[in-house]
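Q: I'm new to this one and would like to learn how to read it. Can we go through it feature by feature?

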Amino acid sequence: MLKIIKFSELEAGSEITAIGSCENINEFCGEKKYFALEKRARELEEFKGEEDKTIVFYSPENINAKKMVVCGFGKKENISSESYRRFASNAVKQALSLKASSLDIIIPDFNKADSDKIESFKAICEGAYLSNYSFNEYKSKKEEQPLKEIRIPVLDENIEEFKKIADQTEKICSCVFFARNIVSTPPMDKRPEKLKNLLVDFASRSGLQTQVFDNAKLEELGFNSHLGVAKGSSEGAYLVIMEYTPKNYDETIALVGKGITFDSGGLDLKPPSGMEDMKLDMGGAAAVTGAAAALAKLGINKRIIAVVPIAENMISGDSYRPGDVLKSYLGKTIEVLNTDAEGRLILADALSYTEKLFNPDLIIDAATLTGACMVALGDKIAGVFTDREEIGSEIVKTGKKINEPCWMLPVFKDYAKKLKSSVADLKNIGGGRYGGAITAALFLKEFVEKTDYVHLDIAGPAFSQEAGHYTNKGGTGFGVRLITEYVMTRESR
Ligand code: BES
Ligand code: ZN
Ligand code: ZN
């Protein structure tokens, strides 16, 4: 969809060309031939280059484009790489609403250092690609058709380098689309067997080796905590293991993602308002599968293992009950005091198994784990929990850079006593109204014995109630870019 071209290729004409405009800089848009139009736009009453404002010119004079879109950047001092992402996304959204099939985006330039130029270019690629998306699988009338081509002209001497960056961005963002699609898919069409197939298909197409454990195999292995959750569903449990092993690698990173295909709450049934979006509860599975696929496509020199426990949290005569005690894969016994705290139960077994089998250098899990994390951080920010604070702060920094915001919350040991059970080794809820995201993280930590471990609670940002700059309503694909970028840029020990 992204096409990096030479400026000379623009001369053949353009359906829509987008340029940037800044509130307090003249000749910001980067190309001389558009300066006059940029100036004209800013002389209008209704447009001064304000952030997120756009204005369209039809058949502009002396420019070989049918339409021009001028997109505001706001004030110079507030421009960051995110401004470039939003610029490209505003341009794409404008082109989509004009029913265009292609768009040319001119990279603005105001004497930036070379490294900034690469960052801005990358941000433009991301913003453009991620906005050219809609989930209309289930609509009889497909209203919006994505643009077939987004062209970005660059200087002849940069073409090879920029093509490579665009290609990497496309690889990562196509995995974001995969994650969005499966999160937005209705729960009836991604029940455990189907979700398992969707993950395996995508992973194999992306160059990962896959392995699937079904109910019988999980029973044999002793995944009783995971199996307990699955009991209320007419479908079984699955564990999907995806693996990318390059010839040379310096470390092994394991990713574990919560794959609850629908969370009714179980016998501790959720109220209707809490249940309507619970197809989102495999957002962690989507994020780690997307990230593992992206890393494999990029051919990085780290071994990547993605492990996804899958189950549907439902109600039947066979459902697990509050009061039941489950013996986890690790051997620790868990008293179930709330069947709606099911994510941690399926993750517990997957985490211990991953640690034991693969002995990774780092485990990262992603899970739509707690409403409490949303109370703390709202619906756009993920919670980061880890004892390795330097890793946590790197992840927070990465999130800031790519605009998948994260914030570190404490793994406060004194709260661990809230998880003490009178009949088993642990109970699955902390009890009381407070600190639920932290007690959930402390619970998970019980199942990782010695490995560096980071837990990402993505309950808020995995799903959105409204469209954002380059996210739509529904599944956001949150976590794919975050994990991919963190792993790609991480220095091995
Ligand atoms: N899947 C939910 C968490 C969730 C809530 C994700 C809202 C996204 C939006 C999870 O399984 C859950 O139900 N957690 C409970 C835990 C409680 C019973 C200790 C919660 O957060 O209320
Ligand atoms: Zn739940
Ligand atoms: Zn859940």
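A: Happy to. Let's start with Arg40, which counts as partly exposed because its relative accessibility is 43%. The labels work like this: buried is under 20% relative accessible area, exposed is over 50%, and partly exposed is in between, with a 1.4 Å probe and protein chains only. Before we go on, this is a predicted model, where local features need pLDDT of at least 70 and side-chain atom pairs count only at pLDDT 80 or more, while totals for chains, interfaces and linings use all residues. Residues are numbered from 1 along each chain as its sequence is written, chains are lettered from A and ligands numbered from 1 in the order in which they are written, and side-chain values use heavy atoms, leaving out hydrogens and water.

Q: Where is Arg40 found?

A: In helix α1. Helices (H or I, at least four residues) and strands (E, at least two) are DSSP runs, numbered from the N terminus. Arg42 sits in helix α1 too, which covers residues 35-42.

Q: Which side chain of opposite charge is nearest to Arg42?

A: Glu38, at 4.7 Å. A salt bridge takes a side-chain nitrogen of Lys or Arg within 4 Å of a carboxyl oxygen of Asp or Glu. Arg42 has no salt bridge, yet is buried. Lys and Arg count as positive, Asp and Glu as negative; His and the chain ends are not counted.

Q: What does Arg42 touch?

A: Contact means heavy atoms within 4.5 Å. Leaving aside residues up to four places away in sequence, Arg42 touches several residues, including Ser21, Phe47 and Lys48.

Q: How do I read strand β2: is it mostly covered or open?

A: Mostly covered: seven of the eight residues in β2 (residues 14-21) are buried. As for its neighbours, two strands pair if DSSP finds at least two bridges between them. Strand β2 runs parallel to β4 (residues 65-72), with seven bridges, and Ile16 has Lys67 as its bridge partner there. Strand β2 is also parallel to β5 (residues 102-105), over two bridges, where Ala18 partners Ile105.

Q: And what order do the strands take in the open sheet of three?

A: The order is β12-β13-β17, with mixed pairing. The edge strands, β12 (325-327) and β17 (426-427), each pair on one side only. Between β13 (residues 333-335) and β17 the pairing is parallel, over two bridges, and Ile334 stands opposite Leu426.
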